Amino acid sequence: MSKRVLIVDDAVVMRMMIKGILAKSGFDIVGEAQNGVEAVEKYVALRPDLVTMDVVMPEMDGITAVKQILAHDPAAKIVMCTSMGQQALVVEAIQAGAKSFITKPFQAPKIVDTLTKVLA
Amino acid sequence: MPDEPFDRAEFVAYFRDETEELLHRIDADSLRLEELAAAGTYDAEIVNSLFRALHTVKGNAAMLGFAEVAGLAHGLESLGDALRTKRLALTEPHVDLLLRGRDLLTGLVANALGGGDAPRGLAEFLEGLDDVVGITTAERTQLAGDPEAFEAEVARMLAQPSNPEASARSTLKAPARHPTIRVDIDRLDALMNLVGELVVNRTRISEIAASLARLKADDALVKALSESAALLARTSGEIQESLMKARMVPIGQVFERFPRLVRDVAKARHKEVRLDIGGAQTELDKTIVDEIGEPLMHLLRNCIDHGIEMPEEREAAGKPRAGRISLNAYHGGNQIIIEIADDGRGIDLERVRARGITLGLISPEERLTEQETIELIFTPGFSTAEAVSDVSGRGVGMDVVKKNVTRLKGVFEVDTEGGRGTRFTIKLPLTLAIIGALLVRVSKELFAIPLDSVIESQRVEIADIRTVQGNEVVTLREQIVPLLRIAEFFELGGSRDPEKVMAVIVGVQGRQVGLVVDAFEGEQEIVIKPLSDVVGRIPGISGATILGSGAISLIIDVHTLVTDAYGTGRVARAEYSGV
């Protein structure tokens with residue numbers, strides 16, 4: 001059965017791209033969220049196998065969202081999707097419980113690889 | 001991007017749209033920061049919003065391989081970050097840097113998307129920016145490169161027990177918002193069209209139910225049909241309303257680019273101008289919002305160019321140095337009203353008149369009312385400005401503004417007072433898809449005349465019709481109104497009673513024409529459909545509609561018919577010959 005993914009990013013372009021890449025690689029995109037608040041709501045409602053999480057977003061940032069999602073479901077698998085220059089934030093997210101991270105700009109094999117490893 | 005495992009071209013269109021929105025936000029936020037800097041205050045929410053917008057532009061650009069865009073956005077993001085963490089103070093030089101960077105960014109984005117030359121001065125700007133922010137060129141160029149170094153650094157940091165840098169992050173909180181989705185406007189249009197059909201049919205079914213009820217008032221089936229028809233009427237009405245609301249967007253989307261425009265134009269003209277915006281939340285149809293930006297922009301330029309005086313001139317006249325332009329939108333009944341008012345010198349009616357005489361639009365003896373004089377400025381090629389300015393004198397005159405507003409079925413009014421200012425008022429319908437129409441019959445054809453241009457419909461006594469230089473006219477309330485026989489205009493043939501002349505008096509911009517028809521068939525709400533590409537454009541017809549009965553009716557383009565009736569100059573001749 002294909003794995004169910006929730007994509008969280010405030011940029012439409014980024015959501016479209018991640019969705020495009022993952023859909024072609026056999027993932028099932030069950031939802032998209034454009035800020036941390038939506039991400040937590042949709043996680044609770046959809047219970048996806050994996051979340052890709054942007055860091056800088058309005059309303060609630062990605063790190064707070066990671067903490068809140070893990071409070072709901074300590075087994076949640078979250079992969080941070082981050083830009084270069086945000087080392088400190090990535091470290092904080094991983095210390096908070098995110099499983100891994102990918103760096104923008106990324107290429108298709110990289111994200112598929114990272115996600116597959118986290119799900120294994 | 002070295003290899004492209006996904007269809008990049010597909011995303012470029014999204015990139016274009018999203019970046020445009022973000023650039024507007026960057027603009028609006030930067031301008032707000034300029035005000036705050038001048039006042040010596042600070043607003044974390046705006047600095048954060050600006051930072052996020054720059055951050056998103058950077059990420060998107062990097063993803064699509066637009067390295068230069070990503071590099072510049074990164075530099076500006078660093079500046080935003082420094083302001084956010086208060087490493088740099090919010091001062092006017094810093095905001096100026098933001099605004100200049102934003103211009104370069106716009107240029108770079110356009111260039112990357114294949115429009116326009118690469119902006120000049122980028123290298124110098126980046127150098128200056130690096131100095132202020134304290135990042136290195138190497139760091140910026142590395143952006144579109146290999147992320148391995150970054151990953152290594154994260155690994156190194158994770159290996160350390162504590163991370164003081166991690167606490168530098170500020171948490172960004174704001175009230176929760178309703179989740180939204182983006183929908184292609186074509187889908188909404190298609191839905192709107194279908195709902196239009198539904199609404200028209202609902203009317204028909206209600207009519208049938210009412211007729212049956214008159215015949216068989218006690219029949220249980222007829223009663224059931226009536227109830228069902230009433231429910232259908234209510235539900236379809238609600239669907240129509242909800243769908244219209246779904247197409248509504250706040251006009252603020254258009255307004256948000258204006259502060260920057262006004263600032264730039266005012267600077268170029270060495271004038272001081274304050275722009276007050278009100279009613280940005282007022283909603284109207286997306287199609288209208290898309291079309292209204294251009295005319296509003298031109299009116300604003302016009303206010304600055306011709307309305308607002310130089311600061312010294314204003315002081316001498318006892319006014320504050322800075323001129324004021326107010327831009328307001330609000331709902332009034334079934335319309336939205338947009339007003340642009342300045343406190344400048346007003347339109348010099350004497351000069352307008354003189355220019356009208358020079359251009360041969362009016363004769364020196366002619367006496368015009370104030371409103372008629374103002375109407376002259378809507379003539380193509382009309383300008384009283386002594387020197388054509390490089391800002392508003394771009395060949396786009398007031399005539400084009402008026403034409404655009406008319407095309408949106410809007411009304412455009414101008415009020416002016418010498419020394420006190422000018423007010424432009426635009427009244428627009430909330431939606432363009434459904435209009436009220438008067439149905440008329442000519443020969444075997446049904447025509448729909450939009451109600452907004454109908455003044456009255458009446459029977460004209462044959463004795464009142466006079467022929468002036470070969471054209472039929474009647475005098476209504478001391479105004480000479482030319483008659484236009486629809487049957488002749490569209491070459492429909494058919495015979496009619498010469499004694500019985502039915503006319504629909506229509507008016508556009510103060511000019512009236514009597515459209516001669518065979519019969520009036522009542523009023524109806526109609527859904528406008530464009531004529532298909534197969535049929536092509538027919539002069540005098542603006543579209544078609546399907547009536548509840550299934551019959552097709554052509555919609556008369558009143559504007560064209562009125563222009564035709566006056567364009568030949570026959571009315572002007574009639575007036576001069578003293579009829």
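1. A residue is called buried when its relative accessible area is under 20%, exposed when that area is over 50%, and partly exposed in between (1.4 Å probe, protein chains only). By that criterion, 44% of the 579 residues of chain B are buried. For chain A, 65% of its 120 residues count as buried.

2. The model is predicted: local features need pLDDT of at least 70, side-chain atom pairs count only at pLDDT 80 or more, and totals for chains, interfaces and linings use all residues. Residues are numbered from 1 along each chain as its sequence is written, chains are lettered from A and ligands numbered from 1 in the order in which they are written, and side-chain values use heavy atoms, with hydrogens and water left out.

3. Helices (H or I, at least four residues) and strands (E, at least two) are DSSP runs, numbered from the N terminus. Chain A has five helices and five strands, and along its sequence they follow the pattern β-α-β-α-β-α-β-α-β-α. Chain B holds 19 helices and 18 strands.

4. A contact is defined by heavy atoms within 4.5 Å. Among contacts in chain A between residues at least 6 apart in sequence, 62% join residues at least 24 apart. The corresponding value for chain B is 68%.

5. Two packed helices are described by the angle between their axes and the distance between the axes. The axes are lines fitted to C-alpha atoms, for helices over the stretch in contact, and angles run from 0 to 180 degrees between N-to-C directions. Angles under 35 degrees count as roughly parallel, over 145 as roughly antiparallel, 65 to 115 as roughly perpendicular and the rest as oblique. A crossing is left-handed if the near helix is turned anticlockwise from the far one by less than a right angle, and right-handed if clockwise.

6. Between the chains, helix H1 (residues 12-24) of chain A and helix H1 (residues 8-39) of chain B have axes that come within 8 Å and cross at roughly 160°. H1(A) and H1(B) are therefore roughly antiparallel, and their crossing is right-handed. On the side of H1(A), the contact involves A:Val12, A:Val13, A:Met16 and A:Met17, which meet B:Phe11, B:Tyr14, B:Phe15 and B:Glu18 of H1(B). This contact comprises seven nonpolar residues (Ala, Val, Leu, Ile, Met, Phe, Trp, Tyr, Cys and Pro), no polar ones (the others, Gly among them) and one charged residue (Asp, Glu, Lys and Arg form that class).

7. Within chain A, the axes of helix H2 (residues 36-46) and helix H3 (residues 62-72) come within 9 Å and cross at roughly 20°. H2(A) is therefore roughly parallel to H3(A), and the crossing is right-handed. Residues of H2(A) in this contact include A:Ala39 and A:Tyr43, while those of H3(A) include A:Gln68 and A:Ile69. By class, the contact of H2(A) with H3(A) has six nonpolar, three polar and no charged residues.

8. Within chain B, helix H2 (residues 44-63) packs on helix H3 (residues 67-84) at an angle of about 160°, with their axes 8 Å apart. H2(B) and H3(B) are therefore roughly antiparallel, and the crossing is left-handed. Among the contacting residues are B:Phe51 and B:Leu54 of H2(B) and B:Ala73 and B:Leu76 of H3(B). The contact of H2(B) with H3(B) divides into eleven nonpolar, four polar and four charged residues.

9. A:Cys81 counts as buried at 1% relative accessibility, and B:Cys303 is buried with a relative accessible area of 1%.
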